[in-house]
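Here is a short briefing to read alongside the model. Keep the viewer open as you go through the points.

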Amino acid sequence: MTRCWVELGDGRRLELPTAVSWRFCYGTDTPCDSFSLRCLWERGQERLLHAACRFYADWEGERVFTGVVDEFAVLCGKDGLYLELEGRGMAALLLDNEAMPAEYQRATRADIVADHVAPYGIQAVGGEGLPTVSAFTIASGESEWSVVRRYACYYGGVVPRFDRRGRLVLSPHGDKTAARIRDTDHVTGWEYREERHGVLSQVAVRRRTTWGTQWVSDPEFTAQGGCARRVVTVPNTTGTTAMRYTADYQLRAARRERVRMRLTAAGGFLAWPGDLVDVGLEGFGGNGLYRAAQTEVACGGGGLSTTLVLGEVDAMI
């Protein structure tokens, strides 16, 4: 059973009536997590929702969504009186706010969290192993999310994402298999796709005017006939380790959508983004271990279902 609340600007919480349909979408990048729901409504409480700013949902007593209310509508028609509510995950606060231009001589995890995450009431967990970055610059017009993502992904190789309690997670994805999908799970549809365009076989990172170049290759893609090189130029002050981070990031990011499998099965919350998923369908040539990139859980007239978008285990999900 799903229970949902909204939090008003003054801190009060209003529990919503039982939803007749809902959809929760989760990912690890843009677009950020999102939700939509429809529930029965009672006339006269519309003004209360005017101050609704946060949204919370529990499934069977466990928190499954924390987010920002973007819009609501109350509809009255032949089917009765309904409330429709839509919004996004807590990443919306970082996406919607522009960062102040700045240049850090040495940017640490503590600096990034204190200046670009904590001011919005967001708690950050993990990421103690993220590196200190020299000459980290924030350009005019860059969003707070872009700052956090660039620091974590580009220099640390970690994809930042939000958990169901609205906390920013800065730790690498785990390697524990969270779900096994078999034909007995009532798979109602699937699609397997591979794309070679845009995938890189080699990356060279060079300093702007001084000697020193880091080369990183993808031997698996090269063995498959892949041939696509990129040359990235970085400032002279960039250290050797940071150059290696940059090259690795470029390779992993280019493979982001090399393999995509999309499947829908009955049941709710079968896996979360970043989880390892073992697919073993009868007669399917693409069986194997994947990492969930996106999850969509919906409940409505067709019952409860989960749609998973899966990618390569070591790609930048």
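**An arginine after the last helix**

Let's begin with Arg258, which is placed in the loop between H6 and strand S18 (259-266); helices (H or I, at least four residues) and strands (E, at least two) are DSSP runs, numbered from the N terminus. This is a predicted model, in which local features need pLDDT of at least 70 and side-chain atom pairs count only at pLDDT 80 or more, while totals for chains, interfaces and linings use all residues. Residues are numbered from 1 along each chain as its sequence is written, and side-chain values use heavy atoms, with hydrogens and water left out.

- Arg258 counts as buried because its relative accessibility is 9%; buried means under 20% relative accessible area, exposed over 50% and partly exposed in between (1.4 Å probe, protein chains only).
- Neighbours within four places in sequence aside, Arg258 is in contact with Arg193, Glu194, Glu195, Arg196, Val199, Phe221, Gln224 and Glu312, where contact means heavy atoms within 4.5 Å.

**The protein as a whole**

- The protein has 6 helices and 21 strands.
- Its C-alpha atoms fill a box of roughly 70 × 55 × 30 Å along the principal axes.
- Of the 317 residues in the protein, 47% are buried.
- Among contacts with a separation of 6 or more, 66% are between residues 24 or more positions apart.

- Helix H6 (residues 240-254) has 15 residues and should span 21 Å at 1.5 Å a residue, which agrees with the 21 Å between its end C-alpha atoms; the expected span is 1.5 Å times one less than the number of residues.
- In H6, the buried residues are Ala242, Met243, Thr246, Ala247, Tyr249 and Leu251.
- H4, with 13 residues, reaches 17 Å from its first C-alpha to its last, close to the expected 18 Å.
- H4 is mostly covered, with 11 of its 13 residues buried; among them are Trp145, Val148, Tyr151 and Cys153.
- Just after H4, Gly157 has a positive phi of about 70°.
- How do the axes of H4 and H6 cross? They come within 7 Å and cross at roughly 100°, with axes taken as lines fitted to C-alpha atoms, for helices over the stretch in contact, and angles running from 0 to 180 degrees between N-to-C directions.
- That makes H4 roughly perpendicular to H6; angles of 65 to 115 degrees count as roughly perpendicular, under 35 as roughly parallel, over 145 as roughly antiparallel and the rest as oblique.
- On the H4 side the contact is made by Arg149, Cys153, Tyr154, Tyr155 and Gly156, and on the H6 side by Tyr245, Thr246, Tyr249 and Gln250.

**Aromatic rings and charges**

- The count comes to 20 aromatic pairs, where rings of Phe, Tyr and Trp (its six-membered ring) pair if their centres lie within 6.5 Å, and planes under 30 degrees apart count as stacked, over 60 as edge-to-face and the rest as tilted.
- Tyr154 and Tyr155 form an edge-to-face pair, 5.2 Å centre to centre with 75° between the planes, and both residues are buried.
- One aromatic cluster is formed by Trp22, Phe24, Tyr26, Phe35, Phe55, Trp59, Phe65, Phe269 and Trp272.
- Trp272 also has the charged end of Arg164 over its ring, 3.7 Å from the centre; for this, NZ of Lys or CZ of Arg must be within 6 Å of the ring centre and within 35 degrees of the ring normal.
- Arg38 lies over the face of Tyr82, at 4.0 Å from the ring centre.

**Loops and a strand residue**

- Glu60 is not a glycine, yet it has a positive phi of about 50°; it lies in the loop between strand S5 (52-59) and strand S6 (62-77) and is exposed, with a relative accessible area of 63%.
- His186, in the loop between strand S13 (177-182) and strand S14 (187-194), has a positive phi near 60° and is exposed at 55% relative accessible area.
- Leu75 lies in strand S6 and counts as partly exposed at 33% relative accessibility.
- Beyond its neighbours within four places in sequence, Leu75 is in contact with Gly80, Leu81, Tyr82 and Glu84.
- Leu75 and Ala57 are 18 residues apart in sequence, and their C-alpha atoms are 22 Å apart in space.
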